[in-house]
Amino acid sequence: MDKPAETSTPIAPILAARWSPRAYDESAIVTEDQLRALLEAARWAPSFGNTQPARYLVGLRGTPSFDRILSTLNSGNRAWAHRAGLLLIGVMVTTNEKGEVPYAEYGLGLASENLVLQAVDLGLIAHQMAGFSAEAAKDFFGLPDDVVPKVAIAVGSPADPSVLEEDWRVEREKAPRERVPLADFAYADAWGTSAFDG
């Protein structure tokens with residue numbers, strides 16, 4: 001189901017097409033080539049001083065890693081994410097040989113957005129989630145103390161919203177996308193003074 005962004009001026013089609021669906025086709029797979037492309041896109045994201053803090057825990061459906069990642073999700077996310085072809089957890093490496101890595105969380109965010117946009121380019125869908133147990137992820141994957149899980153991501157092929165079964169979930173999937181207006185998003189001269197006339 002397409003829900004392109006309604007923008008005040010044209011933007012790059014890949015950006016307009018990106019949204020966060022929950023209706024996944026559980027019969028579809030994410031191929032190894034697709035997985036490589038997703039991770040290469042993330043790998044080439046910008047980072048402060050080229051510190052590259054982003055790393056990913058990867059689980060293709062049908063593997064023990066998928067089941068581990070799925071079990072870290074809260075029940076609301078598990079209710080739909082089990083249909084995804086791929087589950088990941090984005091983690092940030094917070095120290096290197098020079099000490100604390102500056103802006104590690106920002107670096108992981110940039111990498112994850114690259115990954116999500118690459119998914120759109122491949123005809124896949126992606127949904128980022130805060131609703132997961134970072135502690136369970138650390139335990140399941142034996143993460144060192146300086147590696148911090150921050151986001152779970154589901155990737156796969158789209159399905160009709162009816163796969164979500166519950167009426168409220170289906171309606172939420174179909175609901176229009178919303179953002180604050182541009183006039184309330186960018187300010188000039190002083191806080192609250194829009195950078196745009198109209």
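Helices (H or I, at least four residues) and strands (E, at least two) are DSSP runs, numbered from the N terminus. With that in hand, welcome to the tour. This is a predicted model, in which local features need pLDDT of at least 70 and side-chain atom pairs count only at pLDDT 80 or more, while totals for chains, interfaces and linings use all residues. Residues are numbered from 1 along each chain as its sequence is written, and side-chain values use heavy atoms, with hydrogens and water left out.

**The whole chain**

Start with everything selected, in cartoon view. The protein has seven helices and six strands, and along the sequence they come in the pattern α-α-β-α-α-β-β-β-α-β-α-β-α. The radius of gyration is 18 Å, close to the 16 Å that the globule rule gives for 198 residues, so the protein is as compact as a globular protein of that length. (This radius is taken over C-alpha atoms, and the rule is 2.2 Å times the number of residues to the power 0.38.) Along the principal axes, the C-alpha atoms fill a box of roughly 55 × 50 × 30 Å.

The protein exposes about 11,300 Å², with carbon and sulfur atoms supplying 53% of it; the areas come from the Shrake-Rupley method with a 1.4 Å probe, and for residues only the protein chains shown count as cover. Buried residues make up 40% of the 198 residues, where buried means under 20% relative accessible area, exposed over 50%, and partly exposed in between (1.4 Å probe, protein chains only). Of the contacts (heavy atoms within 4.5 Å) with a separation of 6 or more, 74% are between residues 24 or more positions apart.

**Stop one: Glu173**

Select Glu173, in helix H7 (residues 167-174). Is this residue buried or exposed? Glu173 is buried, at a relative accessible area of 3%. Show its surroundings: beyond residues up to four places away in sequence, Glu173 touches Met1, Lys3, Trp19, Pro21, Arg22, Ala23, Pro161 and Leu164. Two of these deserve a distance label. A polar atom of the Glu173 side chain lies 2.8 Å from the backbone nitrogen of Arg22. Pro161 is twelve residues from Glu173 in sequence, with 6.3 Å between their C-alpha atoms.

**Stop two: the loop between H2 and E1**

Next, select Ser47, in the loop between H2 and E1. Its side chain reaches the backbone nitrogen of Thr51 at 3.2 Å. Leaving aside neighbours within four places in sequence, Ser47 is in contact with Gln52 and Pro53.

Move on to Gln52, found in the loop between helix H2 (32-43) and strand E1 (54-60). Gln52 is partly exposed, with a relative accessible area of 39%. Check its backbone torsion: phi is positive, about 50°, although Gln52 is not a glycine. Most residues other than glycine have a negative phi.

**Stop three: Tyr103**

For another positive phi, select Tyr103, where the value is near 55° in a residue other than glycine. Tyr103 sits in the loop between strand E4 (99-100) and helix H5 (104-121). At 55% relative accessibility, Tyr103 counts as exposed.

**Last stop: Thr193**

Finish with Thr193, in the segment after H7. Thr193 is partly exposed, at 35% relative accessibility. Which residues is Thr193 in contact with, leaving aside its neighbours within four places in sequence? They are Ala186, Tyr187 and Ala188.

Methods
A polar contact is a pair of N or O atoms within 3.5 Å; within protein, one must be able to donate a hydrogen and the other to accept it, and residues adjacent in sequence count only if both atoms are side-chain atoms.
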